[in-house]
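Visitor: Could you take me through this chain, and say what each term rests on?

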Amino acid sequence: ICAAFTPDGKHLALGCAGAVTRLCEASTGREVARWRWPGKARRGIVELAVSPDSQCLATLDSEMPDNLLVRDLRTGKVKRKWTLARNGYHPRSWLG
């Protein structure tokens with residue numbers, strides 16, 4: 001499991017086993033969104049990061065095609081996909 005707060009502290013994003021990402025209200029713990037990895041993920045979410053403007057969420061799965069996804073945090077829509085080696089990278093680098 002991995003976690004990241006939005007910069008305003010209102011939400012907590014959780015990367016979970018089974019390739020599920022959850023977005024929860026930080027004050028109550030109530031889940032407000034849940035996204036499954038598109039396709040078949042092997043390990044689940046291993047790293048994640050929220051953009052400084054709270055607009056996007058980057059999630060990283062294990063080594064596989066299209067293992068880095070950037071989603072619109074409001075809609076959950078996948079905006080970008082990349083394939084990269086997990087070793088030495090953090091999704092925050094791709095949130096510009």
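The talk below sets computed values against the definitions behind them.

Guide: This is a predicted model, in which local features need pLDDT of at least 70 and side-chain atom pairs count only at pLDDT 80 or more, while totals for chains, interfaces and linings use all residues. Residues are numbered from 1 along each chain as its sequence is written, and side-chain values use heavy atoms, with hydrogens and water left out.

Visitor: What makes β1 and β2 a pair?

Guide: Strands are DSSP runs of E with at least two residues, numbered from the N terminus. Two strands pair if DSSP finds at least two bridges between them. β1 and strand β2 (residues 11-16) have four bridges, in the antiparallel sense, so they meet the rule of at least two. Within this pair, Ala3 stands opposite Leu14 in β2.

Visitor: Why are β1 and β4 said to stand at the edges?

Guide: The open sheet has four strands in the order β1-β2-β3-β4, with antiparallel pairing. β1 (2-5) and β4 (31-36) each have a single partner strand, so one side of each is left without a neighbour in the sheet. From one strand to the next the twist averages 15 degrees; angles run from 0 to 180 degrees between N-to-C directions, with axes as lines fitted to C-alpha atoms.

Visitor: Which strands does β6 pair with?

Guide: Strand β5 (residues 47-50) pairs with β6 in the antiparallel sense over four bridges, and Leu48 stands opposite Thr59 in β6. β6 also pairs with strand β7 (residues 68-72), again antiparallel, over five bridges. There Leu57 stands opposite Arg71 in β7.

Visitor: What makes β6 mostly covered?

Guide: Buried means under 20% relative accessible area, exposed over 50%, and partly exposed in between, with a 1.4 Å probe and protein chains only. In β6 (residues 56-60), five of its five residues are buried. In a regular strand the side chains alternate between the two faces of the sheet. For β6, Cys56, Ala58 and Leu60 lie on one side and Leu57 and Thr59 on the other, all buried. Both faces of β5 are covered too, with Glu47 and Ala49 on one side and Leu48 and Val50 on the other, all buried.

Visitor: How do you know that Thr6 is buried or exposed?

Guide: Thr6 has 5% relative accessibility and therefore counts as buried, given the limit of under 20%. Thr6 is placed in the loop between β1 and β2. Contact means heavy atoms within 4.5 Å, and leaving out residues up to four places away in sequence, Thr6 touches His11, Val50, Ser54 and Leu73.

Visitor: What makes a set of residues a nonpolar core?

Guide: The set must consist of buried Ala, Val, Leu, Ile, Met, Phe, Trp, Tyr and Cys residues joined through side-chain atoms within 4.5 Å. The largest here has 14 residues, of which Ala13, Leu23, Trp35, Leu48, Val50, Leu57 and Leu73 touch the most other members. β1, β4 and β5 each supply at least two residues of this core. Another core, of seven residues, lies apart from it and includes Val46, Leu68, Val70 and Leu84.
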